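Here is a short briefing to read alongside the model. Take a look at the sequence and the fold, and then we can walk through them together.

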Amino acid sequence: MQVPLLDLKLQYQSFKAELLPLLESICESQAFILGPQVTALEAAVAKYSDCEFGIGVSSGTDALLLALMGLDVGPGDEVITSPYTFFATGGTIARAGARPVYLDIEPSTYNLSPVAVQRFVEESCEVRDGVLVNRATGGRIRALMPVHLYGQCADMKPLLEIAKRHGLAVIEDAAQAIGSEYAGARAGSFGAVGCFSFFPSKNLGAFGDAGLCTARDPELAEKLRVLRVHGGKPKYYHSMIGGNFRIDELQAAVLNVKLKHLDGWTEGRQRNAAIYRELFERAGLASTVTLPYEMPNSRHIYNQFVIRAPERDRLKTHLAEAGVGTEIYYPVPLHLQQCFAYLGMKSGDCPESERAARETLALPVYGELTRGQLEHVVDSIARFYRAG
Ligand SMILES: *Cc1c(COP(=O)(O)O)cnc(C)c1O
């Protein structure tokens, strides 16, 4: 039996008949840039995410970069984030000219630890002229960029309190978390800007690259809109330097059609996560592998179903031989990436992130999987640990 990590072909069949005529009408119109599909998508995703405004962009990475540019984060500034994430989180901070400050995660949720942030602010920073400054570097701490990893929100309440107390902007990396909830509110609605990715493997995936920023403040939303088109307003008159961060009309059309199905697909992922819990329990594996922790008062959308597993690398090979696709998200935490060596961080600086990088493994969880496929995954894991 084959159980790929992700297979979108079946999902495509469920909306193909609705989508193809729409794509054809756009092709007939030959109007591909910032048209009615983009406007509709921006309104729909903003509403879905409890936000006032949506700004469609070219990718999740560009959403993050645009958010940093919109908040004027640049040289001399520092942004606190998690090192246990996809590269774009830290990469965009550096590309904006700022310095990433990598602080450790909570081992249960894999998200940025409010305790670590609080400790850093208390022990390593001081207030100079009303601005929070990193004592070691002299840099201004300007923003917090929590990541809602695997589809579960970071612990936003204490993070927002710290941000408010110290005047930090909050940018949410919600790339994996469209529709996730925390204390009754949705991912993307907590900070100044929420950044979403529509990369094909995300819960709401385009047919290529696309992304979106959410915002609540009308002035900031307008600034993001202008920066998206090179900072020109009116066209060809530039008071700011932006970029080409546009989403295109065809991708927006795909996303408008798919968004209507998203809650159903999310339910499929949640159902599969629940079946995994039952199967792991029944196989007597509940104390061998660590299953994903769901925070109370939250909605986990299971972009990934990630376990901690002893002898992770050997298990991954064993599962590949059994026809089960898995992935390691992520094998090297950002503070240990070669390109960030200039930060001077070393192994042991973020121990929980480093341990997660050694122990975690993502299993297939997409909604179209059958119970038989899920049983095959768990049986294969049981066989691995029985063999020793
Ligand atoms: C996917 C992802 C991004 C980047 O999104 P792209 O659309 O691939 O540019 C950023 N952050 C996280 C956590 C992601 O998972």
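How many helices and strands are there in the protein? There are 13 helices and 14 strands, where helices (H or I, at least four residues) and strands (E, at least two) are DSSP runs numbered from the N terminus. Please keep in mind that this is a predicted model, in which local features need pLDDT of at least 70 and side-chain atom pairs count only at pLDDT 80 or more, while totals for chains, interfaces and linings use all residues. Residues are numbered from 1 along each chain as its sequence is written, and side-chain values use heavy atoms, with hydrogens and water left out.

**Overall shape and surface**

- The radius of gyration of the protein is 21 Å, which agrees with the value near 21 Å that a compact globule of 388 residues would have; this radius is taken over C-alpha atoms, and the globule rule is 2.2 Å times the number of residues to the power 0.38.
- Along the principal axes, the C-alpha trace spans about 65 × 60 × 35 Å.
- Of the 388 residues, 55% count as buried (buried means under 20% relative accessible area, exposed over 50%, and partly exposed in between, with a 1.4 Å probe and protein chains only).
- Among contacts between residues at least 6 apart in sequence, 71% join residues at least 24 apart (contact means heavy atoms within 4.5 Å).

**A three-stranded sheet**

- β9, β8 and β12 form an open sheet in the order β9-β8-β12, with antiparallel pairing; two strands pair if DSSP finds at least two bridges between them.
- β9 (185-186) and β12 (298-299) stand at the edges with a single partner strand each, so one side of each has no neighbour in the sheet.
- Two bridges connect β8 (residues 181-182) and β12 in the antiparallel sense, and Tyr182 has Ser298 in β12 as its bridge partner.

**The covered strand β10**

- In β10 (residues 193-197), five of the five residues are buried.
- Both faces of β10 are covered, with Val193, Cys195 and Ser197 on one side and Gly194 and Phe196 on the other.
- β7 (residues 169-173) runs parallel to β10 and is joined to it by three bridges; Asp173 has Cys195 in β10 as its bridge partner.
- β11 (residues 211-215) runs antiparallel to β10, and five bridges join the two strands; here Val193 stands opposite Ala215.

**Two exposed residues**

- Asp129 lies in the loop between β4 (125-128) and β5 (131-134), and its relative accessible area of 80% makes it exposed.
- Gln2 is found in the segment before α1 (9-13) and counts as exposed at 60% relative accessibility.
- Gln2 and Gln373 are 371 residues apart in sequence, yet their C-alpha atoms are 7.8 Å apart in space.
- Beyond its neighbours within four places in sequence, Gln2 is in contact with Gly323 and Gln373.
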